[in-house]
Amino acid sequence: MKKIVNMVCVALAFVCVGLGCVGIVLPVLPTTPFFLLAVALFAKGSEAFHRWFLSTGLYKRYLEDFVETRSMTRSAKRKVLTVVTVLFAVGIWFSPVFAKVIIGIVAVFHYVYFLFGIRTAPEGEEQA
């Protein structure tokens with residue numbers, strides 16, 4: 001049973017890596033959450049795949065600095081919040097009233113987390 005769970009975790013991790021790679025090209029699809037999920041699934045499923053993913057350029061470019069320092073540069077925060085704001089605005093535009101309230105609440109928590117929960121690093125310290 002454990003082997004099956006490990007295989008499912010590795011398969012889902014590769015799906016997340018694929019979605020993250022698509023997110024690099026499409027600004028509508030977020031890259032970092034998929035790569036974070038892939039790291040967690042690889043860690044659960046296979047130590048070899050986990051080590052492999054940690055050594056890839058994708059991990060190093062999009063996650064390594066954030067994982068190590070728990071911070072983002074002001075420009076990285078601005079980019080993330082711009083994309084998220086556009087996505088929330090589209091969601092609000094096309095949603096019924098109850099969904100607009102939920103999207104608004106999620107947006108407020110998202111902004112509070114990014115502005116106050118994640119430390120702002122000096123521009124030269126991190127590349128995101």
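Me: Buried means under 20% relative accessible area, and exposed means over 50%. In this predicted model, which residues of H6 are buried?

Reply: The model is predicted, and helix H6 covers residues 74-93. The face of H6 turned away from its buried side carries the exposed residues Arg78, Lys79 and Trp93. The buried residues of H6 are Ala76, Lys77, Leu81, Val84, Phe88 and Gly91.

Me: How wide is the arc that the buried residues of H6 cover around the axis?

Reply: The buried residues in question are Ala76, Lys77, Leu81, Val84, Phe88 and Gly91. They lie on the same side of H6, because the arc they cover around the axis is only 115 degrees.

Me: Against which elements do the buried residues of H6 pack?

Reply: Contact is counted between heavy atoms within 4.5 Å. By that criterion, the buried residues of H6 pack against S1, H7 and strand S2 (119-121).

Me: How far apart are the end C-alpha atoms of H6?

Reply: H6 has 20 residues, and at 1.5 Å a residue these should span 28 Å. The model agrees with this expectation, since the end C-alpha atoms of H6 are separated by 28 Å.

Me: What length does helix H7 reach from its first C-alpha to its last?

Reply: Helix H7 runs over residues 97-117, which amounts to 21 residues. At 1.5 Å a residue, 30 Å is expected. The distance from the first C-alpha of H7 to its last is close to that, at 29 Å.

Me: Which exposed residues does the face of H7 turned away from its buried side carry?

Reply: The buried side of H7 holds Ala99, Ile103, Ala107 and Phe114. The face turned away from that side carries the exposed residues Val97, Phe98, Val108, Phe109, Phe116 and Gly117.

Me: With which residue does Arg51 form a salt bridge?

Reply: The count of salt bridges comes to one. Its closest N and O atoms are 3.6 Å apart, inside the 4 Å cut-off. The partner of Arg51 is Glu47.

Me: Is Arg70 buried or exposed?

Reply: Arg70 lies in the loop between helix H5 (64-69) and S1. Its phi is near 55 degrees, a positive value in a residue other than glycine. With a relative accessible area of 53%, above the 50% cut-off, Arg70 is exposed.

Me: How much accessible area does the nonpolar patch on the surface have together?

Reply: The patch is formed by Met1, Ile4, Val5, Val8 and Leu12. Val5, which is found in helix H1 (residues 2-25), is partly exposed, with a relative accessible area of 34%. Together, the residues of the patch have an accessible area of about 480 Å².

Me: In what order do the elements of the protein chain run from the N terminus on?

Reply: The protein chain has seven helices and two strands. From the N terminus on, their order is α-α-α-α-α-β-α-α-β.

Notes:
Residues numbered from 1 in each chain as written. Predicted model: local features only at pLDDT ≥ 70, side-chain atom pairs only at ≥ 80, totals over all residues. Heavy atoms only, no water. Patch = residues over 30% accessible without salt bridge, like charges linked within 9 Å, V, L, I, M, F, W, Y side chains within 5 Å. Areas by Shrake-Rupley, 256 points an atom, 1.4 Å probe, with all protein chains shown as cover. Salt bridge = Lys/Arg side-chain N within 4 Å of Asp/Glu carboxyl O. Helix = DSSP H or I, 4+ residues; strand = E, 2+ residues; numbered from the N terminus. Buried < 20%, exposed > 50% of the residue type's maximum accessible area, 1.4 Å probe, protein only. Expected span 1.5 Å × (residues − 1). Arc of directions from axis to C-beta.
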